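Open the model in your viewer and keep the selection panel at hand. We will go from stop to stop, with a note on what to select and what is there.

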Amino acid sequence: MTVWHWVRHAPTHETAFVGWRDVPADLSDRARIARLDAALPAGALLVSSDLSRAVATADALAGGRTRLPHAADLREFNLGDWDGLRFDVVAARDPVLSRRYWEEPGDVAPPGGESWNAAAARVARFVDRINAAHPEAEIIAVAHIGVILTQIQRASSCTAYEALAHEIGNLSVTHLVHEGGWRVEAINRCP
């Protein structure tokens, strides 16, 4: 049994889309980070996306945990030309495409970006490698909202559209268990 503790990175306070654009995290809420750290297993392996907001959040949770190398496969969705734009700008620029991107997640991708299915496959390959290498481990994975939602979809066998309905707050934990198959233990738990 491999237990995944998916942690969404600390807030960035960005008001525009943030995908692969590297923006810093606000780690000033030390009390909240301490509560999160205390709620996570001390002996777990720790891995993060290679984007600085996830790396810095993982650094704050490292303690005595064994750190795995940062993983580009845990990056947020590549939003291509939309990265850095506000929602209203994207909707005005690409009205039909942006609506389809949110209402029909799957193979629809932003210009120069990545679809839900492509991102989900990228993340799943990484998770499968870790499950094979550490079949009886607890893994703390510090990543991004889109990454976590793809794994909720996988574990619950829901549609991508249904997965998008889940709230994933910054510094929240989503617990997924792999034991032959997948099961969801908790979503968006905020210690």
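Which residues in H5 meet which residues in H6? Before selecting them, two notes on the ground rules. This is a predicted model, in which local features need pLDDT of at least 70 and side-chain atom pairs count only at pLDDT 80 or more, while totals for chains, interfaces and linings use all residues. Residues are numbered from 1 along each chain as its sequence is written, and side-chain values use heavy atoms, leaving out hydrogens and water.

**Stop 1: two crossing helices**

Select Trp-116, Ala-120, Val-123, Ala-124, Val-127 and Asp-128 in H5; they meet Val-147, Leu-149, Thr-150, Gln-151, Gln-153 and Arg-154 in H6. Contact here means heavy atoms within 4.5 Å. Helices (H or I, at least four residues) and strands (E, at least two) are DSSP runs, numbered from the N terminus. The residues of this contact between H5 and H6 divide into 7 nonpolar, 3 polar and 2 charged.

Now show H5 (residues 116-133) and H6 (residues 145-156) whole: their axes come within 9 Å and cross at roughly 80°. H5 is therefore roughly perpendicular to H6. Axes are lines fitted to C-alpha atoms, for helices over the stretch in contact, with angles running from 0 to 180 degrees between N-to-C directions; under 35 degrees counts as roughly parallel, over 145 as roughly antiparallel, 65 to 115 as roughly perpendicular and the rest as oblique.

**Stop 2: the rings**

Next, pick Trp-4 and Trp-6. Their ring centres are 5.1 Å apart and their planes lie at 15°, so the pair is stacked. Rings of Phe, Tyr and Trp (its six-membered ring) pair if their centres lie within 6.5 Å; planes under 30 degrees apart count as stacked, over 60 as edge-to-face and the rest as tilted. Trp-4 is buried at a relative accessible area of 0%, and Trp-6 is buried at 1%. Buried means under 20% relative accessible area, exposed over 50%, and partly exposed in between (1.4 Å probe, protein chains only).

For a charge over a ring, select Arg-75 and Trp-20: the charged end of Arg-75 sits 5.0 Å from the centre of the Trp-20 ring. The rule asks for NZ of Lys or CZ of Arg within 6 Å of the ring centre and within 35 degrees of the ring normal.

**Stop 3: a buried loop position**

Move to Ser-172, in the loop between helix H7 (160-163) and strand E5 (173-179). With 1% relative accessibility, Ser-172 counts as buried. Beyond its neighbours within four places in sequence, Ser-172 touches Trp-6, Val-7, Arg-8, Asn-188, Arg-189 and Cys-190. Leu-171 is in the loop between H7 and E5 and, although not a glycine, has a positive phi of about 65°. Asn-188, in strand E6 (residues 181-189), is not a glycine either and has a positive phi of about 60°.

**Stop 4: helix H2**

Finally, select H2 (residues 52-61), where Arg-53, Ala-54, Val-55, Thr-57, Ala-58 and Leu-61 are buried. Among the elements covering them are strand E1 (2-8) and helix H1 (30-39). Just after H2, look for Gly-63, with a positive phi of about 45°.

Conventions
Nonpolar A, V, L, I, M, F, W, Y, C, P; charged D, E, K, R; others polar.
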